[in-house]
Amino acid sequence: MAIDLVSRRALLKSLGMGAVAGSVFRVIPLEAAAYAHSVIDAEKADAGGYMPKFFDAHAYKTLQALCETIFPADADSGGAVEAGAPEFIDLVTSENVGFQEKLGGGLKGLDANCTSKYGKVYLECAAGQQKEILDLIAYRKNAEVDAGLAQSVEFFSLLRNLTADGFFTSKIGIKYLGYKGNTFVPEFPGCPPVPGLEA
Amino acid sequence: MFQVNSRKTVYDVCIIGSGAGGGTAAKVLTEGGLNVVMLEAGPRLDPDRDFKEHMWPYQLPHRGAGIGGLGSNFGEFLAPNGFWEIDGEPYTTAPGSSFRWFRSRIEGGRTNHWGRIALRFGPADFRAHSTDGMGDDWPITYEELAPYYDKVEAYIGVFGSKENVPNAPDGIFLPPPKPRCTETLIKKACDRLNITCIPSRMAILTKPLNGRDACHYCAQCGRGCKSASNFSSSQVMIPPAAATGRLTMIANAMAREIVVDGSGKAEAVSYIDKTTKSEQRVYAKAVVVAASACESARLLLNSRSANFPNGLGNSSGAVGRNLTDSVGSDLAGYFPQLEKMPAHNHDGVGGMHMYMPWWRFGKQNEFLRGYHIEFGGGRDMPGVGGFDGVCEEQEGYGVSLKQKCRSSYGTFIGFSGRGEMIPNDKCFCELDPDVKDQWGIPVLRFHWSWGENEIKMAADMQATFRSVVEGAGGTVIAGTRRHPKPQGTAEQPAGKISKGGEIIHELGTVRMGSDTKTSVLNAHCQAHDVKNLFVADAAPFVSNPDKNPTLTIMALAWRTSEYLLEQAKKGEV
């Protein structure tokens, strides 16, 4: 874990400092801080199944399907559902009236469009039909051609942003990006050499 | 028979507020031998419980964002109790004015999550009026304050480098950290553009100091630091004061009024104990007000008596006047060459390693005074809202969008200008005649209007940002839908200048001066009208230079406290 990056010497020194400081400052040594961090990880592990706070069962299933389509699993990582994006979106939507109107209304609108076009709700549509409808609402330029699409495009844009939030703030999303920080290092190493950039 | 409370405790000094100024005063006064009682409007701080240091976004229900997924109150990661709005404790704005007031109700106040930027004011900043005729000169010079900057820096620890930049004095510095990739890139462009770009000056330890560990480079200073490797009053000023045995801290104590005796001297502070909702009173031989500039003005205005019908120490009418904030303007750029950067730990300290001090000092410019530039970005911890830009630019969905988010991650750098505002008659705070808070205390009403100089300065910032972005091979990016550029007005052009108060450098409302008709305090931050009343936050500042105020709050509070100690020893207060 992260603490490995601090040399044993630095750690001992830091614990020594902590003892000196103990008389006055309310500091905790680095080792203890790292320990506290791992405890939080363990507590989080038994989270269990999620009960949606805002969306009903059908809407939540649709939300999950859309999230996974926006950021699917691929060779490099899992997708938005594994990342917990639907849970995050449900929680913030339950607290945000603007999101409730846009996302709640948007999901109903999506089903209504699918029903009028294909005779069934989004989840029951064939893969090709789902792609056809998403390709319409995933681009602003389509709303410029057909103003009737404006609300759906707005809905999908917000959902896409929130799915990105949920995916890229998850454990798998952070790993996918290659973020290497949130750790303890005794000295900041600066910028690594980049071949071709120094020219 | 008269009831005499023979056990009434009279402290030497009552300090109101435990932030940068109050904490400094508590340390200096208790170490000098005085018995001090401190009133703090919020709870005690427990870093172990309160700080979110080293947590990942997925360990918090909102992934680090605020309730509702928005950035209100800076989100879940921020060190505790910092708010744009506080339930039950409102403030108002006059018609046509917009102003935002960030308050922190907790031991240590805003120093728990401040930006740690620790810049000295320069010699010219203390005599700006003599230079360009605007505003007023301070009643003290840089040379008078310099020894106190030395003391503060040597005690709290500030990193930086000796640079001899005009009017940006060097201090007593710990070594600066190495620059990040983003900073190396921008520094090169600045060199070509003749813009000074130097190591920043931050109150973060790059070496162990005075019993505190060195920084471990997690970039999370704003969350509060459990190892106290950065400066906060709660972790660095209050503990040594408490260790003297002469500090009595009363938490959850909202000061209502400073009470004067028949001779017009301050003798007590009445406050509300928020826990029991009861009225209390604490007696002291001297009072140091350090509640933050506007809160201190509010307290004085609310302390009305026969002797002081317009508020305590306010015979000049200057309390609440001369309110300023920093001029703020921001712009971000996308730098495609950063896509080649290998994954690496980019965190560093919680804030910039380099910055641009005002580099056109003494030159003929389109506006008076100056600004500095802060910048940051790159491979930071991913956060809510961080991918709006690329999602809205790229659109669509699926693996290609996911890959685009990855390739563009870490390629954005944001620039923020922070400039000097000149005080004007339209910017002030006063008591709202109609609105009281939940404790029955009249609230502040803010009046605000940027002057022409500030608008010109903000426009210059935008032009500079653009030249730096383009000079470094980047392209300027627009705001996103979730964080759109605000709708503009003539006075507040869209996206070009911050709202009043938004930079959280509000100050000047109980100012010092040598003229008793236009100032409240003398050169020792002692009230002209009440000799045992002092102010020790940013309210005494006569000007608001482009240097963040906290270091100067502490230097001035240290100087004020030494004067108060001296006066106490002579029996003068």
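Biologist: Which residues does Thr550(B) touch, leaving out residues up to four places away in sequence?

Modeller: This is a predicted model, and in it Thr550(B) touches Ala20(B) and Trp114(B), once residues up to four places away in sequence are set aside. The residue sits in helix H11 of chain B.

Biologist: And is Thr550(B) buried or exposed?

Modeller: The general idea is to compare the relative accessible area with a cut-off: buried means under 20%. Thr550(B) has a relative accessible area of 13%, so Thr550(B) is buried.

Biologist: Let me try a loop residue next. Where does Phe121(B) lie, and what is in contact with Phe121(B)?

Modeller: Phe121(B) belongs to the loop between strand E5 (103-104) and helix H3 (128-132) of chain B. Its relative accessibility is 0%, so Phe121(B) counts as buried. Beyond its neighbours within four places in sequence, the contacts of Phe121(B) include the aromatic residues Phe126(B), Trp138(B), Tyr142(B), Tyr149(B) and Phe541(B). Also among them are Pro169(B), Pro545(B), Pro549(B), Lys547(B) and Thr552(B).

Biologist: What does Ile16(B) touch, not counting residues up to four places away in sequence?

Modeller: Among the residues that Ile16(B) touches are Leu39(B), Ala255(B), Ile258(B), Val269(B) and Leu299(B). Val287(B), Val288(B), Val289(B), Ala290(B) and Ala291(B) are touched by Ile16(B) as well.

Biologist: Salt bridges are my next topic. How many are there over all chains?

Modeller: The count comes to 34 salt bridges over all chains. One is between Lys274(B) and Glu89(B), at 3.1 Å from N to O. Lys274(B) is in the loop between strand E9 (266-273) and strand E10 (278-289), while Glu89(B) is in the loop between strand E3 (82-83) and strand E4 (92-93), and the two are 185 residues apart. Both Lys274(B) and Glu89(B) are buried. They also take part in a salt-bridge network with Arg105(B), Glu295(B), Arg298(B) and Asp437(B).

Biologist: Which parts of the sequence does the bridge between Asp125(B) and Lys547(B) tie together?

Modeller: When you read a bridge, check the distance first, then where each partner sits. The side chains of Asp125(B) and Lys547(B) meet at 2.7 Å, N to O. Asp125(B) is in the loop between E5 and H3 of chain B and Lys547(B) in the loop between strand E18 (533-535) and H11, so the bridge ties together parts 422 residues apart in sequence. Asp125(B) is buried at 7% relative accessibility, and Lys547(B) is buried with a relative accessible area of 7%.

Biologist: Which residue forms a salt bridge with Arg120(B)?

Modeller: That is Glu153(B), with the closest N and O atoms 2.5 Å apart. Glu153(B) lies in helix H4 (residues 142-156) of chain B, and Arg120(B) in the loop between E5 and H3, 33 residues away. Glu153(B) is buried at 2% relative accessibility, and Arg120(B) is buried at 6%.

Biologist: On to the interface. How much area do chain B and chain A bury between them?

Modeller: The size of an interface is often given as the accessible area lost when the parts come together. Here chain B and chain A bury about 6,900 Å² between them, 60% of it on carbon and sulfur atoms. In chain B, Arg63(B), Tyr397(B) and Lys402(B) lose the most area to chain A, together 12% of what that side buries. The contact takes 80 residues from chain B and 73 residues from chain A.

Biologist: How many salt bridges does the rule find across this interface?

Modeller: There are 3 salt bridges across the interface of chain B and chain A. Glu395(B) forms a salt bridge with Arg140(A), the closest N and O atoms being 3.5 Å apart. On the side of chain B that touches chain A, the residues divide into 34 nonpolar, 25 polar and 21 charged.

Methods
Residues numbered from 1 in each chain as written. Chains lettered and ligands numbered in written order. Predicted model: local features only at pLDDT ≥ 70, side-chain atom pairs only at ≥ 80, totals over all residues. Heavy atoms only, no water. Contact = heavy atoms within 4.5 Å. Buried area = accessible area lost by both parts, 1.4 Å probe. Salt bridge = Lys/Arg side-chain N within 4 Å of Asp/Glu carboxyl O. Nonpolar A, V, L, I, M, F, W, Y, C, P; charged D, E, K, R; others polar. Helix = DSSP H or I, 4+ residues; strand = E, 2+ residues; numbered from the N terminus. Buried < 20%, exposed > 50% of the residue type's maximum accessible area, 1.4 Å probe, protein only.
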